[in-house]
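This report describes the helices, selected residues and aromatic pairs of one protein model. The sequence and structure come first, and the description follows.

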Amino acid sequence: MMCIDVCRTMGAKAMAANPSFSSGTAILACAAMAVLYVGMLYTPSLLFRLPPARTINEHYIRRFTCSVVASVLASGLCFWLLGSPIDMLRNGDLPAALAVLGIRRDHVATLYPLLLTALLYLGPLVMTALNTDERLEDEAKVEMGFIQGLFTRTRDNVISLTTDIFAWRNYIVGPLTEEWVFRACMVPVLLCAGYSQLKVMLLCPLYFGLAHLNHYWETVYPENRNHKIAALITGFRFAYTTIFGWYAAFLYLRTGHLVAPLVAHIFCNVMGLPAVGDALESPYNKVIGLTFLVGLGSFICLLNPATSPALYGYMPGQCLPTAS
């Protein structure tokens, strides 16, 4: 199996030690990507002066288009800064260029990151399953209720994808474009500017969290809420998107695969934030609490082994991934 060095003419370690652009340039480039991603959402009305969308579907289709355009432009900025991916494209080496963004054909990183993320939701998963029919009492029926609950939730979400514009936003377009811009485009730029993996993992999520601050304006005006409530909602959203961003950046840095944070992002959007109040009021609250602790403990124990770079053919510390 022949490895294609994405840095091509310079080794990864050499590029990390002697980056072709400054750390400040990398910070500004990532900020530009974040502003571009958010600002592009408002170009139909602010730049092109289009009339307001007549339906909610039309509104989100416009936003989907803007998100895709922003992702393409962010990729262009990333490639321009790094330089070598442009040479790869000129030479017809598309797989190597895509590997820069973590799109690789080898060692597909789907199962372990998905199962790892599911462990964090073990309590909510059990609660959902048990609450499908609280009248089930004996063990065999409870087990059947668990399976039925998981099947029903999965079936409903799959069906909704074909008809629900919000499902397309939450499970496809949103996760894909956000991971593309905030992980696939930003991480290589920061790494190749000489930032350590730890600093990259801490920096990228801040851009991701800040990119959700536009919801403050959308909460105040379209929803007609006061500024204090909007600030609380936006602050909470910034907190949990930043925390998730740390986890997503960790997955990307450890596996070198975009699909790893992508499946985690989709799964978290499907599950939503844990309903703590419902769990406390449930007749199965002790079981739910126990399974939550088991899931959290298992997640902590398996976090490093399940994301070991050796599982994914990725060398930690290299400024760009390699394609095999």
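Helices (H or I, at least four residues) and strands (E, at least two) are DSSP runs, numbered from the N terminus.

## Basis of the model

The model is predicted: local features need pLDDT of at least 70, side-chain atom pairs count only at pLDDT 80 or more, and totals for chains, interfaces and linings use all residues. Residues are numbered from 1 along each chain as its sequence is written, and side-chain values use heavy atoms, with hydrogens and water left out.

## Overall composition

The protein has 16 helices and zero strands. Of its 324 residues, 44% count as buried; buried means under 20% relative accessible area, exposed over 50%, and partly exposed in between (1.4 Å probe, protein chains only). A contact requires heavy atoms within 4.5 Å. Among contacts between residues at least 6 apart in sequence, 77% join residues at least 24 apart.

Helix 10 covers residues 165-192, and its 28 residues reach 38 Å from the first C-alpha to the last, close to the 40 Å expected at 1.5 Å a residue. The expected span is 1.5 Å times one less than the number of residues. At Gly174 helix 10 bends by about 40°, and a proline, Pro175, follows within four residues; the bend is the angle between axes fitted to the seven residues ending at a position and the seven starting there. Because 21 of its 28 residues are buried, helix 10 is largely enclosed by the rest of the structure.

The N-terminal end of helix 10 is capped by Asp164, with a side-chain oxygen 2.9 Å from the backbone nitrogen of Phe166. A polar contact is a pair of N or O atoms within 3.5 Å; within protein, one must be able to donate a hydrogen and the other to accept it, and residues adjacent in sequence count only if both atoms are side-chain atoms. Just after helix 10, Gly194 takes a positive phi of about 100°. Helix 13 (residues 227-255) has 29 residues and spans 41 Å between its first and last C-alpha, close to the expected 42 Å. Just after helix 13, Gly256 has a positive phi of about 70°.

## Annotated transmembrane regions

An unreviewed UniProt entry places the feature "transmembrane region" at several stretches, including residues 60-82 and 180-208. UniProt positions are given in the numbering used here, feature names are shortened, and annotations may be inferred rather than shown by experiment. Over residues 60-82 the chain is 100% helix and 0% strand, with the end C-alpha atoms 33 Å apart. Over residues 180-208 the chain is 86% helix and 0% strand, and the end C-alpha atoms are 11 Å apart.

## Aromatic pairs

Rings of Phe, Tyr and Trp (its six-membered ring) pair if their centres lie within 6.5 Å; planes under 30 degrees apart count as stacked, over 60 as edge-to-face and the rest as tilted. By this rule the count comes to eight aromatic pairs. Tyr37 and Phe182 form an edge-to-face pair, at 5.6 Å centre to centre with 75° between the planes. This pair links distant parts of the chain, with Tyr37 in helix 2 (residues 23-40) and Phe182 in helix 10, 145 residues apart. Both Tyr37 and Phe182 are buried.

Tyr60 and Phe64 form a tilted pair, with 6.4 Å between the centres and 35° between the planes. They are separated by about one helical turn because they lie four residues apart in helix 4 (residues 56-82). Tyr60 and Phe64 are both buried. One aromatic cluster is formed by Tyr37, Phe182, Phe208 and Phe244.

## Individual residues

Thr43 is found in helix 3 (residues 43-46) and counts as buried at 14% relative accessibility. Not counting residues up to four places away in sequence, Thr43 touches Phe48 and Cys66. In the loop between helix 3 and helix 4 lies Arg49, which has a positive phi of about 55° although it is not a glycine. Arg49 is exposed, with a relative accessible area of 67%.

Leu81, in helix 4, is buried at 12% relative accessibility. The C-alpha atoms of Leu81 and Pro188 are separated by 9.9 Å, at 107 residues apart along the chain. Phe267 is placed in helix 14 (residues 259-271) and is buried at 17% relative accessibility. Beyond residues up to four places away in sequence, Phe267 touches Leu114, Thr117, Ala118, Tyr121 and Leu125. Phe267 and Tyr121 are 146 residues apart in sequence and 9.6 Å apart in space, C-alpha to C-alpha.
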